[in-house]
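Morning, everyone. I have one structure to walk through today. Please have the sequence and the model open while I talk.

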Amino acid sequence: MTPKNIIVFIAAAAVSLAAANTRFGDSAHAIGVIKANGGSARHASHLDAGKDAYTLIATATVIPPYRGDARITLEGEPKLDCKLYSSGPVLDLGIRRHPVFREDTLFDLQPKDRIAIWAVIKPPAIDPVCGMAVKDDFVSEQHGGKSYRFCSDDCLNNFRLNPDKYKNNAAQGKYTLAFTDTATGKRVLDIPVLLGGKEGAGDGGHQH
Ligand SMILES: [Zn+2]
């Protein structure tokens, strides 16, 4: 990578990040390498709990000799709504080529390609007392300017008795943004994504 390309690449990522911040409120950036026998991210991406949506921008370089098509999925429980977007025109700035991205798959990855994907991730709303996923028509309560929903009057009553204990509870979990070679079924890149919880409390990419 020439210095000029690096600057263009960083600038483009920054533009995407700024746009993502404006639109989605919270974002993180993961940098990784794609390898035939399993690439990795430089570090896990942390998403603070309690936001409505997140944008995770993943940039990666293809390490020779890998070439192929890679499908991208967000793995982990509970399932999160995740929409994937490719770099699109924003990154089309002096980068020699970039692979075709359709739906959830990067086609025709070649050695030394650089890719940028962003994932818009929406965690489910949960009952802060029992942790179950809640829908819009569940019983709701306002507290401290935030709206909470509960699966039952029991959970609502528990919340009213001790709101400080429950008010910061939000969906959390360990996830992996996984890139899987469509021909071999092998993982070519794993990006650990930690939703909520405390930084450093995890055990390094292990999944539930
Ligand atoms: Zn409940």
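Let's start with the largest pocket. Its lining is made up of 21 residues, and Gly50, Asp52, Ala125, Ile126 and Ser147 lie nearest its centre. Keep in mind that this is a predicted model. The volume of the largest pocket comes to about 520 Å³.

What is the lining of the largest pocket like by class? There are 12 nonpolar residues, 4 polar ones and 5 charged ones. Which strand gives the largest share of that lining? Strand E11, residues 146-150, supplies 4 residues. Now look at the domains. Domain 1 covers 3-123 + 171-188, and domain 2 covers 125-170. Each of the two puts at least three residues into the lining of the largest pocket.

Next, the metal. For reference, the ideal angle for four tetrahedral donors is 109.5 degrees.

Take Cys130 and Cys151, a pair that links distant parts of the chain, 21 residues apart. Cys130 belongs to the loop between strand E9 (114-122) and strand E10 (139-143). Cys151 belongs to the loop between E11 and helix H2 (153-161).

Now some contacts across the chain. Find Leu194, in strand E13, residues 187-195. Leu194 counts as buried because its relative accessibility is 14%, and the cut-off for buried is under 20%. What is its partner? The C-alpha atoms of Leu194 and Ser45 are 6.0 Å apart, yet 149 residues separate the two along the chain.

Glu75 sits in strand E5. Its relative accessibility is 26%, so Glu75 counts as partly exposed.

Arg42 is in the loop between strand E2 (39-40) and strand E3 (45-47). With 64% relative accessibility, Arg42 counts as exposed.

Last, the backbone. Where is the cis peptide bond? Go from Pro64 to Pro65: that bond is cis, and omega is near 5°. Pro65 lies in the loop that runs between strand E4 (54-62) and strand E5 (68-75).

Two residues other than glycine have positive phi values to look at. For Glu103, phi is near 55°. Glu103 is in the loop between strand E7 (100-102) and strand E8 (105-109). Glu103 counts as exposed, because its relative accessibility is 75%. For Lys112, phi is near 75°. Lys112 lies in the loop between E8 and E9. At 56% relative accessibility, Lys112 is also in the exposed class, where the cut-off is over 50%.

To recap: a largest pocket of about 520 Å³, lined from both domain 1 and domain 2. A cis bond from Pro64 to Pro65. Over to you for discussion.

Note on methods. Residues numbered from 1 in each chain as written. Predicted model: local features only at pLDDT ≥ 70, side-chain atom pairs only at ≥ 80, totals over all residues. Heavy atoms only, no water. 1 Å grid on protein atoms, 1.4 Å probe; cavity = no way out; pocket = protein on both sides within 12 Å on 5 of 7 lines; lining within 4 Å. Points joined across faces, edges and corners; volume = space filled by probe spheres on them. Nonpolar A, V, L, I, M, F, W, Y, C, P; charged D, E, K, R; others polar. Domains from an automatic or database assignment. Buried < 20%, exposed > 50% of the residue type's maximum accessible area, 1.4 Å probe, protein only.
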